[in-house]
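Please read these comments with the model open beside you. They are grouped by region, and each point can be checked on its own.

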Amino acid sequence: GTPNVSTAMAVREQHGHDESMHVCAPPDAVVWPHSVGQVQELAALCYRCRVPMVPFGTGTGLEGGVNAVQGGVCFDLSHMDAIMELSLEDFSVSVEPGVTRKALNSYLRGTGLWFPVGTVGTGKQTGVVWGGVVALGCWGC
């Protein structure tokens with residue numbers, strides 16, 4: 001619906017660049033899905049209509065991966081920030097792509113576990129989300 005979609009230029013420009021040196025390349029629209037099902041429906045629609053999809057976490061990347069160089073729809077995954085499952089036995093956790101390291105460590109407080117990678121990040125880098133970490137195969141700081 002309307003509160004989860006924007007074509008406003010300011011919003012598009014915010015989502016059309018990251019911390020890299022690349023010039024802003026805004027998407028045609030920004031959507032904020034709240035569930036895996038919504039992401040699946042939006043992806044299917046983009047695929048059928050041959051519209052590029054660009055995922056967005058917090059814009060802290062250094063590679064230009066959020067730049068919509070061919071336009072398309074930006075999927076801002078920041079509202080998908082749930083911690084789904086924690087297994088203390090095998091030291092694993094399932095999270096949605098919008099979960100930050102800080103939020104995960106707050107959740108883990110009291111369990112004896114924590115995720116130390118990325119603790120040296122400052123500024124915007126402290127807001128790095130797991131979706132970006134997985135997408136880039138790195139921490140990104």
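**Notes on the predicted model**

1. Start with aspartate 28. Aspartate 28 is partly exposed, because its relative accessible area is 47%, which falls between the 20% and 50% cut-offs. The residue sits in the loop that links helix 1 to strand 2. Setting aside neighbours within four places in sequence, aspartate 28 contacts Thr7, Arg12, Gly71 and Gly72. Alanine 8 is 20 residues away from aspartate 28 in sequence, and their C-alpha atoms are 9.2 Å apart.

2. Now the overall layout. This is a predicted model. The protein has 141 residues, of which 35% count as buried. Four helices and six strands make up its secondary structure. Read from the N terminus, the order is β-α-β-α-β-β-β-β-α-α. Take contacts between residues at least 6 apart in sequence: 53% of them link residues at least 24 apart. The exposed surface comes to about 8300 Å², with 59% of it supplied by carbon and sulfur atoms.

3. Histidine 15 deserves a look. Where does histidine 15 lie? It is in the loop between helix 1 (9–14) and strand 2 (29–31). Is histidine 15 buried or exposed? It is buried, because its relative accessible area is 2%, and the cut-off for buried is under 20%. Its side chain makes a polar contact with the side chain of aspartate 76, at 2.6 Å. Not counting residues up to four places away in sequence, histidine 15 touches Pro27, Val30, Trp32, Phe56, Val66, Cys74 and Asp76.

4. Strand 4 (residues 73–76) comes next. Val73 and Phe75 point one way from this strand, while Cys74 and Asp76 point the other way. All four of these residues are buried. Asp76 is also the polar partner of histidine 15.

5. Check the parallel pairings. Strand 2 runs parallel to strand 4, and three bridges join them. Strand 3 (residues 53–56) also pairs with strand 4 in the parallel sense, over four bridges. Which residues stand opposite cysteine 74? From strand 4, cysteine 74 faces valine 30 and also valine 54.

6. Strand 5 (residues 83–87) and strand 6 (residues 92–95) run antiparallel and are joined by four bridges. Serine 87 stands opposite serine 92 in strand 6. The two strands form a hairpin with four residues between them. In the turn, phenylalanine 91 has a positive phi of about 55°.

7. On helix 2 (residues 36–49), the span can be checked directly. Its 14 residues reach 20 Å from first C-alpha to last, close to the 20 Å expected at 1.5 Å a residue. Residues three or four places apart in an α-helix point the same way, because there are 3.6 residues a turn. Arginine 50 follows helix 2, and its phi is positive, near 55°.

8. Last, the cysteines. Cysteine 24 counts as partly exposed because its value is 33%.

Technical notes
Residues numbered from 1 in each chain as written. Predicted model: local features only at pLDDT ≥ 70, side-chain atom pairs only at ≥ 80, totals over all residues. Heavy atoms only, no water. Buried < 20%, exposed > 50% of the residue type's maximum accessible area, 1.4 Å probe, protein only. Polar contact = N/O pair within 3.5 Å; in protein donor to acceptor, adjacent residues only side chain to side chain. Contact = heavy atoms within 4.5 Å. Areas by Shrake-Rupley, 256 points an atom, 1.4 Å probe, with all protein chains shown as cover. Expected span 1.5 Å × (residues − 1). Pairing = 2+ DSSP bridges.
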